[in-house]
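Here is a note for a colleague who is opening this structure without having seen it before. The points go from the overall fold to single residues and pairs.

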Amino acid sequence: MNSTSPPAPHFKDRRVGLVIFGLATAFLGCCCALLVPLMLIGTRMAAKSATPPPAAHLMPVAVLYGTLAILLVWLGIGSMMTRRWARALLAIWSWSCLIGGIISLAAMAVMAPRFGAMVVAAQPPGQPPLPDSARTAIMLVPILTIGFLLVLLPLIWGLFYSGKNVKATCEARDPKPRWTDRCPLPVLAVSLWLAFSMLSMLLMPMFHSAAPVFGVILSGTAGSIFYLFLAAVWGYSAWALYHLDRRGWCVIFIALVLLCVSHVITYSQHDLGEVYAKMGYPPAQIDQMRKLGFTGGTTLVWISLLSVVPLLGYLLYIRKFLADVARPAQG
């Protein structure tokens with residue numbers, strides 16, 4: 001009798017790698033959870049300083065770390081269970097962190113010399129000057145930290161979870177289609193980030209945030225209404241794109257262009273310090289921000305222009321995934 005064995009899979013099984021990366025992801029989530037009590041302690045200590053920042057602006061950071069901790073632990077468990085939704089979300093999260101890390105690294109590289117100069121200027125009179133090695137460390141440590149945490153690690157994660165063998169392993173071990181399979185990954189990434197931005201917009205009125213709108217800085221009730229309107233636009237676009245509805249693409253594309261024009265007009269007449277003043281930041285802290293040189297209107301105009309170009313370019317890229325959809329989105 002001839003015995004037949006099951007055909008070998010046409011991919012390399014990455015189950016072990018999914019478990020290892022899942023454990024590492026959950027560990028990162030635990031590290032974020034540890035930062036929450038540190039943020040709360042920092043809030044209490046900052047309240048005793050000479051120029052305490054508003055507590056309402058420090059608490060969201062603790063909430064962010066707590067939410068990120070839960071998400072990373074959840075995604076880590078999903079990776080260890082070889083769930084296809086976990087692979088998709090971790091790929092999106094990794095590449096998004098990498099993009100944000102590159103931007104943060106560039107900004108830190110520009111501001112590092114100013115940080116060093118501020119530290120030197122803050123030294124009490126009569127003390128010996130800092131050695132060159134110490135000043136170099138002050139500038140390099142933040143750059144290396146950001147480079148490792150927000151560039152190198154996300155690159156490794158992104159390459160792993162975007163791998164064809166990893167994708168095939170999850171699909172073989174988790175054959176049931178999940179909600180992350182309803183639209184292409186590049187479109188899903190935009191939909192998720194718009195949903196996250198919608199939640200952020202809904203929280204903005206709670207923190208007395210001001211809104212730069214076509215040459216005017218709105219605050220109070222007017223600023224809250226503006227952020228609620230943005231939340232509605234972001235939420236609709238996220239839902240429509242997830243259902244591959246081209247109307248959502250048009251709405252978010254036009255909204256980004258209008259926001260960029262609004263920022264250019266506003267920051268041509270105002271600086272970011274005025275926005276922070278309407279948000280309740282103390283004048284001493286605003287002065288420290290101005291010394292770093294990133295609150296100037298001209299700088300923010302260029303940031304607005306340079307940041308919107310890749311966003312619009314990416315939206316043009318994902319439009320091809322919507323081109324064949326001729327029927328209205330189905331709920």
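1. Helices here are DSSP runs of H or I with at least four residues, strands are DSSP runs of E with at least two, and both are numbered from the N terminus. On that basis the protein chain has 11 helices and two strands. Read from the N terminus, the order of the elements is α-α-α-α-α-α-β-β-α-α-α-α-α.

2. A word on the source is needed before the details. The model is predicted, and local features need pLDDT of at least 70, side-chain atom pairs count only at pLDDT 80 or more, and totals for chains, interfaces and linings use all residues. Residues are numbered from 1 along each chain as its sequence is written, and side-chain values use heavy atoms, with hydrogens and water left out.

3. Burial and surface come next. A residue is called buried under 20% relative accessible area, exposed over 50%, and partly exposed in between (1.4 Å probe, protein chains only). Of the 331 residues of the protein chain, 37% are buried. The chain exposes about 18,900 Å² (Shrake-Rupley method, 1.4 Å probe; for residues, only the protein chains shown count as cover). Carbon and sulfur atoms supply 72% of that area.

4. How much of the contact set links residues 24 or more positions apart? A contact means heavy atoms within 4.5 Å. Among contacts in the protein chain with a separation of 6 or more, such pairs account for 77%.

5. The nonpolar cores deserve a look. A nonpolar core is a set of buried Ala, Val, Leu, Ile, Met, Phe, Trp, Tyr and Cys residues joined through side-chain atoms within 4.5 Å. The largest has 31 residues, of which L194, F226, L230, W234, L241, I252 and L315 touch the most other members. Two or more residues each come from α6 (185-203), β1 (211-213), α7 (220-242), α8 and α11 (297-318). Helix α7 gives the largest share, nine residues. A second, separate core has 14 residues, including L18, F21, F160 and C170.

6. Leaving aside residues up to four places away in sequence, F226 touches A211, V213, L218 and L259.

7. Helix α6 contains 19 residues, and its first and last C-alpha atoms are 27 Å apart. That is close to the expected 27 Å, where the expected span is 1.5 Å times one less than the number of residues. The buried residues of α6 are P186, V187, L188, A189, V190, S191, L194 and M201.

8. Which residues form the nonpolar surface patch of about 480 Å²? They are F214, I254, V257, L258, V261 and I265. Patches take residues with over 30% relative accessible area and no salt bridge, joining like charges within 9 Å and nonpolar side chains (Val, Leu, Ile, Met, Phe, Trp, Tyr) within 5 Å. I265 belongs to helix α8 (residues 246-267) and is partly exposed because its relative accessibility is 33%.

9. Most residues other than glycine have a negative phi. T82, in the loop between α2 (55-80) and α3 (84-121), has a positive phi near 55°. T82 is buried, at 4% relative accessibility. L244, in the loop between α7 and α8, has a positive phi near 60°. L244 is also buried, at 17%.

10. The whole structure holds five salt bridges, each being a side-chain nitrogen of Lys or Arg within 4 Å of a carboxyl oxygen of Asp or Glu. In one of them, R173 pairs with D13, with the closest N and O atoms 3.0 Å apart. R173 is in helix α5 (residues 164-173) and D13 in the segment before α1 (15-46), so this pair ties together parts 160 residues apart in sequence. R173 is partly exposed at 42%, and D13 is partly exposed at 41%.

11. D245 and R247 have their closest N and O atoms 2.6 Å apart.
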